[in-house]
Amino acid sequence: MKATEFVKKATPCRDLRDWLALLEQHGQLHRNREPVALRNDIAYVSQQVAARSGPAVLHEHIVDYPAWRVVHDGMTTPSRMALALGLGPDQYARHVFDVVADDRRIAPQEVASAPFQELVMTGDSVDLTALPIPTTSAYENPPYITAGISHVRTPDGQWQNIAIRRYQVQGPNTLTVLAMKAAQHEGQILGRWFARGEPAPVAIVIGADPLYYLCAQMPAPDGVSEYEYWGALAGEPLQMVRSRQFPELLLPASAEIVIEGYYHPTERLLEGPFSEFPGFHSGLFYLPRLDVTSVSLRPDAIYQYMYMGREPTEGHNLDHLVYAASMYSQLRTVVPEITDVAVLGTEGFTTAIAIRKSRNRPGLVRQLAMAVRGSRAGRLIKNLLVVDDDLNPRNLDDIVWALSVRFQGSRDLFVVDDLPGCYLDPSEQSTTGGVGQTSFTVMDLTEPLAPHNDGYKRGLAVPRCTDTATAVLRAMGLSI
Ligand SMILES: Cc1cc2nc3c(=O)[nH]c(=O)nc-3n(C[C@H](O)[C@H](O)[C@H](O)COP(=O)(O)O)c2cc1C
Ligand SMILES: [Mn+2]
């Protein structure tokens, strides 16, 4: 396959190669030449690196997979993500907030071909076990692809969705997918195909530039293709290429590996347990089967891995910023007093919101709390902390200080019981029918308001009766 129109420069990072070079230049990449096994070794290194704020790791010696390299943890910290755009950490967060809040999007630029299209395996030559797929939890077998970005399009061709999904390898050309129908776009799109009894075409990208991963996690509005945010974030259009097998699907030219196939409309396979984002196992599920028809890759492809489990992880870092930005964008029209949103933990389970101190008033925090729980981006929140804008909601010292000196439990805490939860949270009260229920706890950490201004009369506000008005009313036949 011929070279492409794919052009490279330092920032924005246009592919994983740019990204690794940039990280290395900043002393943020460790090349591991010691042999590591796919079972446990890589996951454990990743978990520890993330917990200790270590650098990204490129494993160059994978036991039994001599041709392969595996990378992880480039995207674990906001300051590293900021590098991908040539920004400082605060500027980066501000930039993402602005792009999401203003819904700034730029259509991608289509290119004729991409490096991943050089090597294509189809039919009997498809063998997923040839990919170096690490296991994540000790009980996982067979392993899951964790950093795969799923690309699906509605049957009418109008909307392409992208999002990270984990896929368990069920055989050489078989995967299973978890796509929740009610809550997530991909599940909704698959539902449209399955309702017609048709298999849904899908392309899974493994290994791409960090901004593409960030975009894949945007809780975008219905009908919006997340990849359009890439151009607005980077300041230039994203280069995308048409899938050769499914020309209706646009794929990032930066991809290292692309797995394509069909989600089967009715067949399901047992999968699990997976190490889920709250830090616990998922249990076992019967999930839709994905029949893989081709694997395309760069000849020297690098396999990208993401550890999944208790935070901090790469996935949490990506999600927390875009969830906060989306919440800010969705809530500020309802409660304009909001100045900032910070997801503190577990995909928004615990979130802090700042409000303009000068505009606080009785009832505002409760109104905000209800708006949060009604928003798409805030639907998983179970603990909401509200602070004044003289504090930074991202700063735990600020939060703890407000908890210490501005908060009285009997006055400033309220709980709404039995809201829909997330069945993956083991602390949930009820898991009837497989769907959990959770309490929603709100802690108002804002400075207590001054006693209510009682400088007005509490009498009914009515006009004074006049002779003229009485005469008019009588003329109208109203007895008075
Ligand atoms: C590493 C990682 C793996 C994920 N795996 C899944 C998954 O298997 N199924 C799922 O529904 N969501 C998964 N998510 C969460 C979704 O990617 C995320 O909620 C996304 O915004 C959903 O987008 P959508 O509504 O456009 O489909 C994962 C997130 C990360 C970071
Ligand atoms: Mn979406």
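**Exercise 1. Which residue meets Arg289 in a salt bridge at 3.9 Å, N to O?**

Solution. 
- Start with the rule: a salt bridge is a side-chain nitrogen of Lys or Arg within 4 Å of a carboxyl oxygen of Asp or Glu.
- The partner is Glu267; its side chain meets that of Arg289 at 3.9 Å, N to O.
- Arg289 sits in strand β13 and Glu267 in strand β12, 22 residues apart, so distant parts of the chain are linked. Helices (H or I, at least four residues) and strands (E, at least two) are DSSP runs, numbered from the N terminus.
- Now check exposure. Buried means under 20% relative accessible area, exposed over 50%, and partly exposed in between (1.4 Å probe, protein chains only). Glu267 is partly exposed, at 37% relative accessibility.
- Arg289 also meets Asp291 in a salt bridge, at 2.8 Å from N to O. Asp291 is partly exposed at 23%.

A note on the model. This is a predicted model: local features need pLDDT of at least 70, side-chain atom pairs count only at pLDDT 80 or more, and totals for chains, interfaces and linings use all residues. Residues are numbered from 1 along each chain as its sequence is written, chains are lettered from A and ligands numbered from 1 in the order in which they are written, and side-chain values use heavy atoms, with hydrogens and water left out.

**Exercise 2. Where do the partners Arg394 and Asp340 lie in the chain?**

Solution. 
- Confirm the pair: Arg394 and Asp340 form a salt bridge, with the closest N and O atoms 2.5 Å apart.
- Locate each partner. Arg394 is in the loop between β17 (383-388) and α10 (396-405), and Asp340 is in strand β15. The two are 54 residues apart.
- Compare their cover. Arg394 is partly exposed at 40%. Asp340 counts as buried at 15%.
- Look for a network: shared partners join Lys357, Asp388, Asp390, Arg406 and Glu447 through salt bridges.
- Take the total: the count comes to 30 salt bridges.

**Exercise 3. What surrounds ligand 1?**

Solution. 
- List the shell. It has 19 residues; the closest are Ile164, Arg165, Arg166, Leu178 and Gln184. A residue counts here if one of its heavy atoms lies within 4 Å.
- Find the polar contacts, pairs of N or O atoms within 3.5 Å; within protein, one must be able to donate a hydrogen and the other to accept it, and residues adjacent in sequence count only if both atoms are side-chain atoms.
- A polar backbone atom of His185 is 2.8 Å from an oxygen atom of ligand 1.
- In the side chain of Glu226, an N or O atom is 3.1 Å from a ligand 1 oxygen.
- For Arg376, a polar side-chain atom lies 3.4 Å from an oxygen atom of ligand 1.
- Assign the shell to elements. β7 (160-171), α5 (185-195) and α8 each give two or more residues. β7 gives the most, with five.

**Exercise 4. How far apart are the end C-alpha atoms of helix α8?**

Solution. 
- Work out the expected span: 1.5 Å times one less than the number of residues.
- For the 18 residues of α8 (residues 314-331), this should be 26 Å; the end C-alpha atoms are 26 Å apart, which agrees.
- Check burial: 17 of the 18 residues are buried, so α8 is largely enclosed by the rest of the structure.
- Inspect the N-terminal end. Thr313 caps it, with a side-chain oxygen 3.3 Å from the backbone nitrogen of Gly315.
- Step back to Pro312, in the loop between β14 (302-304) and α8. The peptide bond from Glu311 to Pro312 is cis, with omega near 0°.
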